[in-house]
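Student: Hi! I have a new model open and would like to talk it through with you. Could you take a look with me?

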Amino acid sequence: MSAEFLYTIEVILNGLLTGVMYSLVALGFVLIFKASGIFNYSQGVMALFAALTLVGFQDGQVPFAELINAVLGTEIHGFGWEMPTILAILCALAVMLLFAILVERIILKHLVNQEPIILFMATIGLAYFLEGFGDLMWGSDIKALDLGLPQGGSFWIEDMTVSWAAEDSGFYGMYIDKLDLIAAGVAVALVVALTAFSQYTRIGRALRAVADDHQAALSVGISLRFIWVVTWAIAGFVALVAGSMWGAKSGVQFSLSLIALKALPVLMLGGFTSIPGAIVGGLIIGVGEKLFEFAIGPMVGGATENWFAYVLALIFLVFRPQGLFGDKIIERV
Amino acid sequence: DLNVPALNYRTGPYAPSGIPYADGFSDYMTLLNERDGGVGGERINVMECETAYNTQKGVECYEALKGENPLVFIPQSTGITYQLIPKASADGIPVHSMAYGRTSAVNGKVFEWVFIMPGTYWDAASMMVKYAMEQEGGSLEGKKIALVYHNSAYGKEPIRTLEELSKKHGYTLTQLAVDHPGQEQKSQWLQIRRERPDYVFMWGWGVMNSVAIQEAANIRFPMDKFIGVWWSGSEADVLPAGAGADGYKSITWHKPGADFPAYEQIKTLVHDKGKAAGDGTTIGEVGYNRGVYAAVIVTEAIKAAQEATGKSNITAADMRDAYETLTITAERWAEIGLPEFAQPLQASCADHGAPHMGAIQQWNASEKTWTLVSDFMTPDEEVVGPLIEEDSMAYAAENNITPRTCE
Amino acid sequence: MLYREAGDYKTSYVDDAQTFPIAFDRWRYYVVLVVAFAIIPVFISDYMAKSVMIPFLVFCIAAMGLNILTGYCGQVSLGTGGFMAVGAYASYKLMTAFPELNIFFVVLLSGGITAAVGALFGLPSLRIKGFYLAVATLAAQFFLVWLFNKVPWFFNYSATGQITAPPRSVFGVDVTGPEVPAWGAYLFCAVFVFLLAWLMRNLTRGRVGRQWMAIRDMDIAAEIIGVNPLRTKLSAFAVSSFYVGIAGALFFSVYLGAAEPTEAFGINQSFLVLFMIIIGGLGSIFGCFAGAAFMIMMPVLLKNLMVDGMGWPTTIATHFEFVIVGALIVAFLILEPHGLAQLWRLMKEKLRLWPFPH
Amino acid sequence: MTDAALAEAKAAAAVATTDAELSADPAPGEPLLRVSNIEVIYNHVILVLKGVSLTVPKGGITALLGGNGAGKTTTLKAISGLLKSERGEVTKGRILYRGRDVAAGDPAELVKSGVIQVMEGRHCFEHLTVEENLMTGAYTRTGGRAEIARDLEMVYTYFPRLKERRSSLAGYTSGGEQQMCAIGRALMSRPETVLLDEPSMGLAPQLVEQIFEIVKSINEKEGVSFLLAEQNTNVALRYAHYGYILESGRVVMDGEAKALRENQDVKEFYLGMSDQGRKSFREVRSYRRRKRWLS
Amino acid sequence: MSIHAAEAASDDVAYASQEEAHGIEPRRIGGTVMEMKNITLRFGGVTAIKDISFDIKEHEIRAIIGPNGAGKSSMLNVINGFYHPQEGEIWFRGAKRGPMKPYEIAQQGIARTFQNIALFKGMTTLDNIMTGRMTMMKTNFWQQAMWWGSAQREEVEHRRRVEEIIDFLEIQAIRKTPVGRLPYGLQKRVELGRALAAEPKLLLLDEPMAGMNVEEKEDMCRFILDVNDEFGTTIALIEHDMGVVMDIADRVVVLDYGRKIGDGTPEEVRANQDVIDAYLGVSHD
Ligand SMILES: Nc1ncnc2c1ncn2[C@@H]1O[C@H](COP(=O)(O)OP(=O)(O)OP(=O)(O)O)[C@@H](O)[C@H]1O
Ligand SMILES: Nc1ncnc2c1ncn2[C@@H]1O[C@H](COP(=O)(O)OP(=O)(O)OP(=O)(O)O)[C@@H](O)[C@H]1O
Ligand SMILES: [Mg+2]
Ligand SMILES: [Mg+2]
């Protein structure tokens, strides 16, 4: 096989895996949208917040240290202990659950039956809040997140594939990032579990009902409050997963919240309401943007990935306005 | 009191880089106030204004502070610098964009109010090439250099210089743009893996740096051939990559570490008294040292201005004049408790960017320290000089400025 | 009962359709005009102009633009930043290519160019709706910014891609460049705001506005009763982009003076303008002003209060600023989901009844 | 009903409303739900209900009649707690169900305690299939699957048309099919009290009868109480036991259904009968009626 | 009675006599305005309309009735171009209609109301009715932008016409109320106003009287009859209240499961056994 060809395969494979990383973030969006019709802008910030909390627990940081020091004039920074990873994850999960409850109590409860754009706006307000709050709580410096997950190319795959090309073609073997592989596994597991949950359980059906019509859902006795807590808690869990995967790559700091922007085209392409759509969308976007950057990028100066992902999604949408797997947009009079 | 604004960014996407700098700058000023009662009998009043690295907020800070007799603005962002150059020049307040901002503003004939000490991006690019050349035994003929850059005005700065230099030294240059914020760089690094450049230079910023270093480690690119510009070489950039970052290099214009007498004094006179600007943990970090460097330049200029005018309460115009004639000798560095901290410098009417010198530092991941691995170098004037001349003259023409002669 | 309409009879349809049918409102409007054009310019300081008034005015225009599209025509757009960039770069190219052209016309032309670009990017709106469209407009946002960053022609081949506005004047008074007097820049923007608000009122009170609103409220029914959806949506995109383009041109040339696309016209800008119109009130001209005032002045106010007033460290103050602005957005939405404009209307309705509760 | 009798009935109702304590476990015929003198304001300014009182006895079918905008829907929503989601508020008065004040409660709780509303304007879940729509009705039920499946079959026997369309998205079904779906959905919850808002709207005449037959049979067989807001006065009064007539936010008349049917005004305005029998809709152009109770 | 018999009976004489039976002068019912020929409409597996043909004559009130889900609303949707039938032809005013967009059809003079009210919720009653006149407004965009002058003149002129409709429908009091707040019945009336404002040649009404009590239905009937009389508007009407249909319709077409099971005068239809079985059930009044 020619090296060119193998490189293309490599790009495609890596695109697929990167796409799965996007899907992890997109899943959180889909969950909340599917379950309440809310386009949750704060999903990215939630991922950041979850990851910050995880690192905070791991490193034994004192929450609000900066504020406490400023107000009381003290000099505290840490508890001086390090929490085992598992325990830290559990604690972070508990925090996300608490967060879900508070969001419902303080915000959503008052916004029943509002138009989608109003709810969207409220989540933007929430994002603002959480951004400031997360920084206040954990500080805005960069933190390394070590969950003990392997990273870097898999030697085994490289060694296995290096012989596929001619000796002197300069082919190193396929590069596959181990972290990406793990993320892919996690994402697939999540998708399977969540799809089953939303499609085949009583609560899952209620989730979809709420998304369609808040009032009608109330009228048949579905407790919006309960449903919202459930979905936001699950979304918080997904945010934690996404936040820690991405955090392992880039460190945990503010920019982590911007991964939401990479998830949006995925969401759009897969359909806002489809959990499997998030994965398929991620794969298409991942491959599409990587291939474009690989093949066309050098001709136009590169850095095309950000916009190309959106344009790609846009092209799909023109043919399928509800995304690949999204719920049909019912147009009737 | 002497008012020195500090447009810091302790929040937002670049906070990890902004925090240590802000700490260093303020701590040094506090030290002077505590130890010497300020400069020339006047206490220094650092007016912090949070920009979050955002241009609009930067402009607001400028407008809020310009009425309070500020001596000099240090914008802390290339974007803000571009805003301030015309404004501050009109208002008669010097702008010190310390190794960032508009490179051609180093030409004092055109940009009377702008200072770039200790050097420009073009200096940096040229010195990095020089270093690579030394490593390769004096020639880069037939070598490949890849530039990974932040897709913004800042990131594009070195391209022209590197292109000129490639003509001169015969290497080929591959440019790889990374879009803001740069969380995802798989394509770029796969390409690097494919093309196997001999060197990778990086003009990165924020999260892009740490991701790039992580990716480089992932593809097992030899880290000692991976050199970042000075804004891509601080603790925040290498720490997230952990052990993988070991051996990563970057250019710098001052020594790393906290091994200076002045730092001891900062610890005892500032930190121990609870007057630290931050939480006191950033001391000795690259960013911190940069803050100290900026503070030294400012205070030395104040001192010079006080000496030149004979009064302690100087104005922004005095400050400008002092900047233009600023001299800091090696002895002076030692005198202020920072021996060999940075190179001696001598600014002039035409050259606002002295001393134009840099050295390469390398990261040791196990000890979590930077160490200098080269001597201080000078840039290739032959290449950089004409570029600066061309760009600054274009600006002058566009804005109807008649350059000074600087006799 | 200060505020009432009793006794204020209208005898013609023209009177009945006027902008401020209630005499008290009319007077208040005249007072605002006098303050804006005669009093503020005399007293305005550099800080007030540069940090508060000019950004406020510029964002009023952008908010009006987006409100036409989103508030009146129901098409949510997140491409505002990108369209502002089009306005900015258009004005830069026009200013440098035709130095003789008066800046007033430069700004108008920039709006026109942006309108064309906006209409182009509005094409998918025929098929794509709701949040899908919102996300799709991000394609415009990212693509435009990338374009201005990559194609050297747009920034006149300068080394770094930064663009700087050359000095230009109107009636001998500088409005762009470094030597601008605060009142000059302020008035220049204020005139645009006034003209564009008037234009917006005209467009939204008649046939065009009704077509937009019909599409917004129920596009299928609108089509069935005779509204051409393509023309209507595209016209909304074009008019909206015209406003946003003007805002971008003013933002770059009068307010910032220099810009690079990635930062000044990033996605944050898109969101900021969207906040404004939602907080202010969708489908309301007053809402644009209220929303812009809220989003521009609130942070400045908070900052001054916390840092200068209470002497808090800047970091903590900034974090709190986020927390407070976020909390306020949510609080306002809970209080009145239809924005400040609706709050204002309800207040007026209550005032009319006052002192009776119903 | 004579004026005197009417006044008497009103006085009796007033006495009853002051009697706050309702039995938590009423016997058939005793008040199950009581609305006392409620006032509802939308958006803080629009006063819609101006003191409405009514009582629903256990095991009874109570009709709520009245013209457009009289406030029927608002009354029902006030009871079921859905007002809050429309920015409406009960500012005065009390709503007691089984002796418990439900005005401030969670709608879901109310459904759990057996009160379900069929909303005006159908409100099906568009993106769920007809069958899934019906299943959401059983959301609050804790009984076994078998029981739910049995009830589903029952709904399908009531509305065979739904069975045919069971797997199509509710959003694509016709107006009448959606109406059946909404009613069927409510029945799926095995309610104790049903608030029916315009069940006959958009249904074919045959089906209207059928629906009321269903109501009647459920009422008789299972003792389910109904409060129904209806415009189709004719049918409503034939099946209801007791009726209230609402006019711009006030109860203007109430009484046994039979008595109401005999009332001159009701005959004329709600049943379309005049002294000469039923009028043709063609003749309406030549006259306008005036309501007596409004003068 | 078989379908053919029902069709055969539908000649002008038949309803002239019906008119006389009601003691009102016979209206000038003219030639065929609209003709549907063998329309078939499918949605995936569902066939909503199967091979239906019928016509609408000028100035008549044509009722369409049938059980729920029979395809009545779909038929109206076909007429105004929202649904495109897979088979069949539509002839309007003597010409076969090609593929057209709904708004083009509206511009030809077909207006309608909807079963699920489709008013523009964010606008006032006045604005809603003014949108009905959109197709008749001629000033261009620039004139609108300037307002003073032609745009304003035009606005006032149309406003005058709309005020007439408002007076006619007796909704003066809610002129400036946002329609979202109105009770159901008034919304239906506003919707009728919006359709009337377009001065249509053919008016399609989808259950205009659903959710009304007798008094309101009478009002609505009056409006419909007046429109029909005064403006000579042709009306196609879906309604489940048989009293109304029998009283005001000139001819009735009955659909069931997408098929036509009856067509003729109200009396004929009422006597049709198929119709009784499928739709009417036992009559109660
Ligand atoms: N969300 C709302 N906001 C403001 N006003 C409202 C709202 N909902 C209803 N109203 C007003 O309340 C009054 C009563 O409305 P309601 O819907 O209860 O009447 P109804 O008796 O059910 O009439 P219909 O028979 O037409 O359904 C109406 O005048 C209406 O304008
Ligand atoms: N867009 C669509 N997609 C799928 N099925 C549809 C669609 N529109 C209508 N149908 C189906 O076609 C059939 C006829 O629907 P239609 O709305 O015409 O009924 P209708 O006669 O108006 O009934 P009703 O009296 O209940 O309003 C129904 O079974 C409906 O489910
Ligand atoms: Mg109602
Ligand atoms: Mg129908």
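Predicted model: local features only at pLDDT ≥ 70, side-chain atom pairs only at ≥ 80, totals over all residues.

Student: Let's start with chain C. How many helices and strands are there in chain C?

Tutor: Chain C has 15 helices and four strands. Residues are numbered from 1 along each chain as its sequence is written, chains are lettered from A and ligands numbered from 1 in the order in which they are written, and side-chain values use heavy atoms, with hydrogens and water left out.

Student: Thanks! What radius of gyration does chain C have, and what would a compact globule have?

Tutor: Chain C has 21 Å, which agrees with the value near 21 Å for a compact globule of 358 residues. That radius is taken over C-alpha atoms, and the globule rule is 2.2 Å times the number of residues to the power 0.38. Along the principal axes, the C-alpha atoms of chain C fill a box of roughly 65 × 55 × 45 Å.

Student: And what share of chain C counts as buried?

Tutor: Of its 358 residues, 62% count as buried. Buried means under 20% relative accessible area, exposed over 50%, and partly exposed in between, using a 1.4 Å probe and protein chains only.

Student: Where does UniProt put transmembrane regions in chain C?

Tutor: The unreviewed UniProt entry places the feature "transmembrane region" at several spans of chain C, including residues 27–44 and 130–148. UniProt positions are given in the numbering used here, feature names are shortened, and annotations may be inferred rather than shown by experiment. In the model, residues 27–44 of chain C are 94% helix and 0% strand, with the end C-alpha atoms 24 Å apart. Residues 130–148 of chain C are 100% helix and 0% strand, and their end C-alpha atoms lie 28 Å apart.

Student: Which spans of chain A get that label?

Tutor: Among them are residues 117–138 and 181–201 of chain A, again from an unreviewed UniProt entry. The span 117–138 of chain A is 100% helix and 0% strand, and its end C-alpha atoms are 31 Å apart. For residues 181–201 of chain A, the figures are 95% helix, 0% strand and 30 Å between the end C-alpha atoms.

Student: Changing topic: in what order do the strands of the open sheet in chain D run?

Tutor: The order is β2-β1-β4-β5 in chain D, with antiparallel pairing. Two strands pair if DSSP finds at least two bridges between them. β2 (46–57) and β5 (100–101) of chain D stand at the edges with a single partner strand each, so one side of each has no neighbour in the sheet. Two bridges link β4(D), residues 88–97, to β5(D), and Leu96(D) stands opposite Asp101(D).

Student: What about chain E, how many bridges join β1(E) to β4(E)?

Tutor: Five bridges join β1(E), residues 32–43, to β4(E), residues 87–92, and the two strands run antiparallel. Thr40(E) has Glu87(E) as its bridge partner in β4(E). β4(E) also runs antiparallel to β5(E), residues 95–96, with two bridges joining them. Phe92(E) is partnered with Ala95(E) there. The hairpin of β4(E) and β5(E) has two residues between the strands, and Arg93(E) takes a positive phi near 50 degrees in this hairpin.

Student: Which peptide bonds are cis in chain B, for instance at Pro118(B)?

Tutor: One of them is the bond from Met117(B) to Pro118(B), with omega near 10 degrees. Pro118(B) lies in the loop between β4 (114–115) and α4 (121–135) of chain B. A cis bond also joins His180(B) and Pro181(B), where omega is about -5 degrees.

Student: Tyr53(B) has a positive phi too; is Tyr53(B) buried or exposed?

Tutor: Tyr53(B), with phi of about 65 degrees, counts as buried because its relative accessibility is 13%. Glu340(B) has a positive phi of about 60 degrees, but at 61% relative accessibility Glu340(B) counts as exposed.
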